[in-house]
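Here is my note on the structure. The points are numbered so that you can follow them against the sequence.

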Amino acid sequence: MKAVVVFSKGHEVKVLEVPEPRLDTPGQVRVRTLEVGVCGTDKEIIQGEHGRAPSGSDYLILGHECLGEVVEVGAEVKDFQVGDLVVPRVRRPCPHESCAPCRDGHPDFCATGEYTERGIQGAHGFCAEFFVDEARYLHRVPRELREVAVLTETLTIAEKSLRQVQLVGQRVPGKRSAPGRAVVMGAGPVGLLGAMLLLRAGYETTMYSHAPKPNEKAKLTEALGVPYLSSEEHEVKALVEQRGRADVVYEATGAASASFRLVTALAPNGVFVFTGVPEAEKTKWDVGTLMKQLVLNNQVLLGTVNAAAEDFDAAVADLARFQGDWPGELNAIISARHPPEDFAQVVTGDKRSAVKDVIVFSRG
Ligand code: BGC
């Protein structure tokens, strides 16, 4: 079968003929890949900055944001049938008995760092005509979400973030009438889906993103009813003057120093959520002023990665809600579909579209 791989030596990306996977255990499911989303993590893998091939393999099959269709189920699989649409989770637990989060079904909080991630860390991904996975790592998706369900994994990042923001918020005494204000930094797919989630949770939401208007992402943002301010045209001070301080900042850019500048926009008791994985970047920073601000305002800087089963379930349910609220905008996040042969050019930028690029393996 056809697979998109990156070789560990030389980082060449290629469509390769690889053996088709078969069921090894009765708890597994064989899935035909329909679509795979491409994201910044794929770029880092291809540049050799992140990720690794499975041990014993000189290449990694790429792809971690996937929608597929079940074609075969093992004898012990009760929850899936041939023809079901499914989205797989990405991270798999480490082998250590002492790792409480992994043993508790939460490898997204793995404490040893020896987890694997399909398509990223030490395990082949989904950018192939077929893949096999344990049924317990799959989530069923209703047929009505066929055209947008490839966005599920991207939305899980926001689901896990919001869940943690709500947990952290419980430390603050007193009943609040509304969740407050949120600023989303970065109008890419992670940011746009994050903005939709924050809006639905009742936050008064603002988008703060690099590119000046007019541009596609700004248009999409404003169609949600969310004001868009360009960081090129508005300093953080101007953002605060116009929109007030934010109870939640949801960072979705992976741009390190630009993100830290936004910490000054945080309200007392606020939470700043970092989701991006940046490149190394040295900068001069007045850490005294930063620390003073954090301490005197009870603020939290929170890093978050990956997502758990409950976040995937929540994402599938919320995609259905978003489809009801903003059908056009949700569809428009997927701004181009490409054949597998285009993967490398999508990542390098030659064939990249305005928002989310998706690789199509099969129409099902
Ligand atoms: C993926 C996560 C993964 C992270 C780090 C992100 O792009 O969405 O599932 O944990 O990269 O590898």
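1. Helix α3 has the length it should have. Its 18 residues, at 1.5 Å a residue, should span 26 Å, and its end C-alpha atoms are 25 Å apart, which agrees. The expected span of a helix is 1.5 Å times one less than its number of residues. Helices (H or I, at least four residues) and strands (E, at least two) are DSSP runs, numbered from the N terminus.

2. Some ground rules. This is a predicted model, in which local features need pLDDT of at least 70 and side-chain atom pairs count only at pLDDT 80 or more, while totals for chains, interfaces and linings use all residues. Residues are numbered from 1 along each chain as its sequence is written, and side-chain values use heavy atoms, with hydrogens and water left out.

3. How enclosed is α3 by the rest of the structure? Largely, because 14 of its 18 residues are buried. Buried means under 20% relative accessible area, exposed over 50%, and partly exposed in between (1.4 Å probe, protein chains only).

4. D311 pairs with R163, and their closest N and O atoms are 2.8 Å apart. D311 lies in helix α9 (residues 309-325) and R163 in helix α3, so the pair ties together parts that are 148 residues apart in sequence. D311 is buried at 2% relative accessible area, whereas R163 is partly exposed at 24%. A salt bridge here is a side-chain nitrogen of Lys or Arg within 4 Å of a carboxyl oxygen of Asp or Glu.

5. The structure holds 26 salt bridges. One of them joins the side chains of R363 and E147 (3.1 Å, N to O). R363 lies in the segment after β19 (356-360) and E147 in the loop between β11 (138-141) and α3 (152-169), so this pair ties together parts 216 residues apart in sequence. E147 is partly exposed, with a relative accessible area of 30%. Both residues belong to a network of salt bridges that links E35, R146, E147, R337 and R363.

6. Another salt bridge brings together the side chains of K2 and E341 (3.3 Å, N to O). The two sit in distant parts of the chain, 339 residues apart: K2 is in strand β1, and E341 is in the loop between β18 (334-338) and α11 (343-348). K2 is partly exposed at 30% relative accessibility. E341 is partly exposed too, at 45%.

7. Strand β1 belongs to an open sheet of three strands, in the order β2-β1-β4, with antiparallel pairing. β2 (13-17) and β4 (59-61) stand at the edges with a single partner strand each, so one side of each has no neighbour in the sheet. Neighbouring strands are turned by 45° against each other on average, direction ignored. (Axes are lines fitted to C-alpha atoms, for helices over the stretch in contact, and angles run from 0 to 180 degrees between N-to-C directions.) Three bridges join β1 (residues 2-7) to β4. Two strands pair if DSSP finds at least two bridges between them. V5 stands opposite I61 in β4.

8. Last, look at E251, in strand β15 (residues 246-251). Is E251 buried or exposed? E251 is buried, at 1% relative accessible area. Leaving aside neighbours within four places in sequence, its contacts (heavy atoms within 4.5 Å) include M185, S259 and F272. A polar atom of the E251 side chain lies 2.6 Å from the backbone nitrogen of G254.

Conventions: Polar contact = N/O pair within 3.5 Å; in protein donor to acceptor, adjacent residues only side chain to side chain.
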